[in-house]
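Welcome! Please open the structure in your viewer, and we will walk through it one stop at a time.

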Amino acid sequence: MMKTILLIGIGPGDPDALTLAAIKAISRADVFFFLEKEGEGKDQLIRFRQQILQTHRGDRPYRTASAALPQRDRDANGYVGAVQEWHRRRTEIIGTLIDTEMSDGETAGLLIWGDPALYDGTIQHLRDLIESGRNDLCFEVIPGITSVQMLVARHKIPLNRIGESITITTGRQIEQADPASITNAVVMLDSRSAFRRLEGSGEVDIYWGGDVGGPDERLISGPLDAVADQIDAAIALQRARKGWIMDNYLLRRRTVSSETDR
Ligand SMILES: C[S@@+](CC[C@H](N)C(=O)[O-])C[C@H]1O[C@@H](n2cnc3c(N)ncnc32)[C@H](O)[C@@H]1O
């Protein structure tokens, strides 16, 4: 008998951003795994998931099982080595939960922040478990609204300008990129205000969102040179208030063609 894992995208913090498919998947699971890395925002992220279950699960009882996911060891074997080791340990933890918390024929749900396909390792963990020979296992992916979609919806802008590409990248990549090469990019996982690298050209607009969709949402947009300090102040304020912030932003270089496309 197979064990089935549902990777359910739950959106980036707005309970109304759950899809009908996510709600249906929630009703199928016998057990929910709560996997949260220690540290920033853990309690609030778990509370949000519990709220979703309370609202959408109905009367059918369910079990929960939790495991703390390890933090990435930033010193081990360089960046790539540390990420690989971290990924391996997380895969192992999920495998152990499946072994100890599920019976044959059961279904487990994992409520994944935003969409499971965007900067989230869980799909790869499941693929690795199956590739390692676990043929008692199958999984389904239920897409969710990403924090990127929520950001552009809140700012009421299109993600890409007509005929132009859009890059989705990380703060770490922006820190290493040639600033002139960045024309239209959404930046995630930035803890060090990497947008400041593009300051000074007078050509770049930024659309920034802190905790988009959630109760602490904050939006700032405008010419990067004019609003960079304001964004840093908003980030600092939120960190001082609750200890953490999840933010993302779109950097858009103004071009002659874009003026006509708008
Ligand atoms: C590990 S990634 C997960 C992304 C998620 N799977 C998604 O679909 O949006 C976490 C990063 O997503 C972005 N993020 C997630 N939720 C957010 C939110 N509510 N507001 C702004 N950015 C968010 C931040 O850049 C954060 O560093």
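This is a predicted model: local features need pLDDT of at least 70, side-chain atom pairs count only at pLDDT 80 or more; totals for chains, interfaces and linings use all residues.

Which side chain of opposite charge is nearest to Arg57, and how far away is it?

**First stop: Arg57**

You will find Arg57 in the loop that links helix H2 (42–56) to strand E3 (63–69). Asp30 is the nearest side chain of opposite charge, at 5.9 Å. Arg57 is buried yet has no salt bridge, because a salt bridge needs the charged atoms within 4 Å. Now show Ala29: its backbone oxygen is reached by the side chain of Arg57 at 2.7 Å. Leaving aside neighbours within four places in sequence, the residues in contact with Arg57 include Ile26, Phe32, Ile52 and Tyr62.

**Next stop: Arg253**

Move on to strand E10 (residues 247–253), where Arg253 is found. Is Arg253 buried or exposed? It counts as buried, with 12% relative accessibility. Show Glu203 as well, and you can see a polar contact between its side chain and that of Arg253 (2.9 Å). The Arg253 side chain also reaches the backbone oxygen of Ile182 at 3.0 Å. Not counting residues up to four places away in sequence, Arg253 touches several others, among them Arg161, Pro179, Leu198 and Val204.

Zoom in on the backbone: an N or O atom of Val212 lies 2.8 Å from a nitrogen atom of the ligand, and one of Pro12 lies 2.9 Å from a ligand nitrogen. Taken alone the ligand exposes 560 Å², and the protein buries 89% of that.

Conventions: Residues are numbered from 1 along each chain as its sequence is written. Side-chain values use heavy atoms; hydrogens and water are left out. Helices (H or I, at least four residues) and strands (E, at least two) are DSSP runs, numbered from the N terminus. Buried means under 20% relative accessible area, exposed over 50%, partly exposed in between (1.4 Å probe, protein chains only). Lys and Arg count as positive and Asp and Glu as negative; His and the chain ends are not counted. A polar contact is a pair of N or O atoms within 3.5 Å; within protein, one must be able to donate a hydrogen and the other to accept it, and residues adjacent in sequence count only if both atoms are side-chain atoms. Contact means heavy atoms within 4.5 Å. Accessible areas come from the Shrake-Rupley method with a 1.4 Å probe; for residues, only the protein chains shown count as cover.
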